[in-house]
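Here are some notes to read alongside the model. Please keep the sequence and the structure in view as you go through the points.

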Amino acid sequence: MTNSSTSPQAASAEIVNAVAPPTLLQFDPRKVPFVAGEVQGLPAVAASQLTAQALRSRFATPPAWTPELRREPKMTDRVPAQAAVLVPIVQRPQGATVLLTERTSNLSTHSGQVAFPGGRVDSEDANIAAAALREAWEEVGLSAQYIEVLGSLPTYTTVTSFIVTPVVSLVQPDFELTINPYEVAEAFEVPLAWLMDPANHRHHTVPAPDGTRRQWYSMPYQDGADERFVWGATAGMLRNLYHFLAA
């Protein structure tokens, strides 16, 4: 959510993309209208740029680029904490996918939302990447033996004061998951090419009590009979990944 009505394309490079946790929401994000066509016009990332070798090369020699979304306004009294998420790009024969989770409804923050595997960085973690790998193992049983860390994207600070580092990785497809039922309701995959096409991104805006307008992105993916409603911080980090790969 931002404190202006400027569209994402016209706004400054570091606009605020805030989505309140469910206990703070005064609206259903699925029902908020989106501005048709506003995020279209940007090209999709070419398929040749989404191969394992192309992704390795991009992270080995990053381009000059500017993240679109970096932080959300603080909406809780939580002390800021470092966190890490794993952005697992699964190397499927039919095309790369991104492994995502739906968080359980009993969690204190971001319950029921689509998220990357991840969480708070512990003092025992050797580094940010180690934290992301540990969280992926604890949440969905994704073993590090299948994971090749490529690098990280700039931090993204959530409304709940987590300073999140997205750790992007390639994942070999022959893994088996073991879901932690306390944290994760379900794990699923969305094609990377679909996520890296801005034609599938929606920009939502809603009036705020202070007279400004709040805005965010969503990427609703129809997975058979289920709609996977990717939005808020997860969608914001995916937008940054798009800009990184498209630069």
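1. Among contacts in the chain between residues at least 6 apart in sequence, what percentage join residues at least 24 apart? The share is 72%, where a contact means heavy atoms within 4.5 Å.

2. This is a predicted model, in which local features need pLDDT of at least 70 and side-chain atom pairs count only at pLDDT 80 or more, while totals for chains, interfaces and linings use all residues. Residues are numbered from 1 along each chain as its sequence is written, and side-chain values use heavy atoms, with hydrogens and water left out.

3. The chain has four helices and 13 strands, taken as DSSP runs numbered from the N terminus (helices are H or I, at least four residues; strands are E, at least two). Of its 247 residues, 50% count as buried, that is, under 20% relative accessible area with a 1.4 Å probe, protein chains only.

4. The largest nonpolar core has 40 residues, of which Met 196 and Leu 241 touch the most other members; such a core is a set of buried Ala, Val, Leu, Ile, Met, Phe, Trp, Tyr and Cys residues joined through side-chain atoms within 4.5 Å. The largest share of this core, eight residues, comes from α4. Leaving aside residues up to four places away in sequence, Leu 241 touches Val 87, Leu 153, Val 168 and Met 196.

5. A second, separate core of 14 residues includes Leu 86, Val 140, Leu 142 and Ile 147.

6. Ser 161 lies in the loop between β8 (156–157) and β9, and has a positive phi of about 70° although it is not a glycine. Ser 161 is also buried, with a relative accessible area of 4%.
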